[in-house]
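Okay, thanks for coming, everyone.

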Amino acid sequence: MLKLADLAMREDFSLGALFVSPARRLVRGPAGEIHVEPLTMQVFVVLADAAGQVVTRNHLYDECWGGVHVGDYSLNRVITMVRRIAAKVGPGAFTIESIPRTGYRLVVHEEINECSSGLIAESQKRVITAATLSAVLALTGLYCFLMDRWPKEPTVAFAAADPRSLALARSIGIAATEKATEFDTDFRLLDEADHDRHSADFVLRVREGVLAGDPTVDLTLISNVDKSVLWNWSARQSQDGAGPVQRAAETRGAMVVVCAAETRANGRALADEMTVKLYLDACAKFESWSGAELKLLVAAFQRVTEQAPKLRGAWAKLLISKSEAIEGYPPVDLKESLRKDIRSALAHGIDIPEIYGARAALLPPNARFERIALSDAALARYPRNIGYLMGRSWMLRQVGRMDEAATAAQNAAELYPRSSAASTEYVNSLIQSGRVDAARTVLAKAERISPDAPNLIGARWRLEMRYGDAKRALAMARSGDWVVDKPMISFLDAKANPTKENIDRAVAELTAQYRADPLEPGLLAQALGEFGRPNDVIQLLLNYPYGSESGDGAEMLFRPSLREVRRDRRFMQIAQNFGVADYWRRSGTLPDFCFEPGLPYDCKEELAKVSPRRAKAL
């Protein structure tokens with residue numbers, strides 16, 4: 001498989017009259033240059049590597065989509081984008097032939113025909129009549145007219161205030177390119193070498209400085225149409241936090257650049273200036289599944305969709321924000337509002353991946369079969385969508401399909417290595433499947449990229465608290481950087497110093513806490529499992545009164561600390577109580593632990609005892 005990381009290692013090469021830089025995602029030709037999205041470059045490189053041979057569709061699926069057969073729509077879209085490379089930077093430089101029922105072949109033309117001069121030069125190679133020459137000239141004019149007015153993606157230029165600011169400007173540009181792929185947004189990034197950077201639709205000015213010894217960053221997005229300021233963000237932080245302030249600038253700047261590009265289509269604005277400003281301000285605070293309070297952004301995105309109903313990006317972020325608010329804790333009752341949004345989006349011709357996730361948010365918490373089916377349908381159509389790759393991992397962890405969950409999360413993290421949300425889900429999937437050392441490696445790498453990301457900070461806490469070094473977790477809890485209650489302190493103290501007295505005190509405090517709030521049995525079950533009391537865990541979970549509404553709370557059933565509980569045949573009744581057994585029956589797929597060597601019971605038989613009428617489904 002040709003991964004994004006592989007593109008970064010590929011050397012530049014020539015393709016006829018074109019210069020191709022896979023690492024920079026840049027193609028330069030006689031008519032200019034273009035930056036392309038990562039997937040387009042991947043397909044382009046695979047076709048170019050074939051040196052004129054036919055590349056089958058299956059080979060493209062294997063190399064560029066990780067073996068997922070995404071279907072004609074997605075593949076044809078990318079092939080169209082590859083063909084546009086030649087149309088924009090070197091008309092006639094290459095063609096892509098479609099081979100019926102097989103695949104594609106890239107054919108390089110060493111001598112390309114530029115717009116006017118090329119067509120006329122070709123006509124002069126023949127003895128032609130004046131009438132024929134007139135026809136050639138007319139067609140040439142039409143060709144140039146169409147090429148000049150071919151729909152262009154929005155363009156964004158980066159302007160570093162000084163050499164000190166150049167590295168940050170480039171870093172924001174790289175992050176914006178990746179974020180654009182995540183949200184399926186087309187735009188052209190213009191750097192210092194682009195000759196037409198002064199005609200860009202938008203300019204992001206980047207300035208790094210120092211004020212009273214503290215590093216500062218100032219970002220300003222300007223409309224190149226009327227030179228108005230659309231968005232500004234400034235930050236100042238002490239020197240020991242220089243990394244985080246740059247990370248915040250990178251995250252916000254990249255998101256704002258992508259959102260700005262979304263406000264233009266086919267050379268025209270989709271929203272007025274005030275709406276664009278509102279949208280960019282909300283976008284700067286938006287990062288899905290990052291721990292951010294997205295419910296606070298709902299009103300802003302709602303207003304933007306009302307003012308600019310053709311702005312696809314605003315609809316996407318509105319649906320994500322409401323879905324996360326509905327499924328968050330405590331949940332926000334926005335279901336009827338979300339249903340209206342889905343209908344409104346479709347009525348305006350907005351067919352976007354986020355609609356699948358919004359429909360899933362409307363389902364009951366334990367509708368796992370339907371939720372996973374929606375996720376599978378979304379990934380079949382949008383195989384590189386980060387939200388659905390992470391969501392699939394999370395949902396599979398709730399039903400015990402741990403290996404598949406880790407694979408889905410790994411795909412997301414590798415496709416989007418700068419996404420702290422993708423790295424967090426990958427870490428969570430690894431630690432839940434017991435691969436703590438691998439989780440530490442992934443987390444350390446992600447922390448170097450995103451040192452202040454809230455979800456990575458939470459992942460570090462969960463790793464140490466649940467599965468890692470209890471003494472380190474205890475130190476973190478007592479540092480004052482965390483809001484940690486007394487039962488949690490007692491639990492960590494018992495893990496670090498497992499005397500009978502400490503264990504009994506921790507269990508007593510956690511039991512009292514659970515009785516006061518019986519919605520959350522996870523930490524008590526974790527502690528009882530850690531301290532070797534599987535029978536107590538079984539009784540706790542068999543009598544849990546809210547299993548039918550457990551939703552993502554079923555994830556705790558498959559933690560390493562509950563391994564002995566899963567080895568007891570009564571676990572199938574617990575799975576029934578939490579609504580997980582119903583998924584196994586309807587899907588015909590048993591959880592991973594059912595195939596562990598030495599399991600003292602047969603999962604199918606025990607599942608049949610829980611519900612004999614449905615056992616034949618397996």
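Predicted model: local features only at pLDDT ≥ 70, side-chain atom pairs only at ≥ 80, totals over all residues.

I'll go through some strand pairings and then some helix packing.

Strand β1, residues 13-15, and strand β2, residues 18-21, run antiparallel and are joined by three bridges. If you want a pair to click on, S14 has F19 in β2 as its bridge partner. These two strands make a hairpin with two residues between them, and G16 there takes a positive phi near 65 degrees.

Now follow β2 across to strand β3, residues 26-29: again antiparallel, again three bridges. F19 comes back here, with R28 as its bridge partner in β3. So what sits between β2 and β3? Four residues, as the two strands form a hairpin, and R25 in the turn has a positive phi of about 55 degrees.

Next, the open sheet. It has three strands in the order β5-β7-β6, with antiparallel pairing. Which strands are at the edges? Those are β5, at 55-56, and β6, at 94-99, each pairing on one side only. β5 is joined to β7, residues 103-108, by two bridges in the antiparallel sense, and V55 stands opposite Y104 of β7. Helix α2 packs on this sheet and touches β5, β6 and β7, with its direction at about 70 degrees to that of β7.

Stay with α2, because it also meets a helix: α2 (38-49) and α3 (57-64) have axes that come within 10 Å and cross at roughly 130 degrees, so the two are oblique to each other. The crossing is right-handed. On the α2 side the contact uses L39, Q42, V43 and V46, and on the α3 side H59, L60, E63 and C64. By type, that's five nonpolar residues, two polar and one charged.

Last stop, further along the chain. The axes of α21 (486-496) and α23 (522-530) come within 11 Å and cross at roughly 15 degrees, which means α21 is roughly parallel to α23. The crossing here is left-handed. Who's touching whom? From α21 we have M488, F491 and K495, and they meet L523, Q526, A527 and E530 of α23. That contact splits into four nonpolar residues, one polar and two charged.

Okay, that's my tour. Over to you.

Methods
Residues numbered from 1 in each chain as written. Heavy atoms only, no water. Axes fitted to C-alpha atoms, helices over the stretch in contact; angles between N-to-C directions. Parallel < 35°, antiparallel > 145°, perpendicular 65-115°, else oblique. Left-handed = near helix turned anticlockwise from the far one by under 90°. Contact = heavy atoms within 4.5 Å. Nonpolar A, V, L, I, M, F, W, Y, C, P; charged D, E, K, R; others polar. Pairing = 2+ DSSP bridges.
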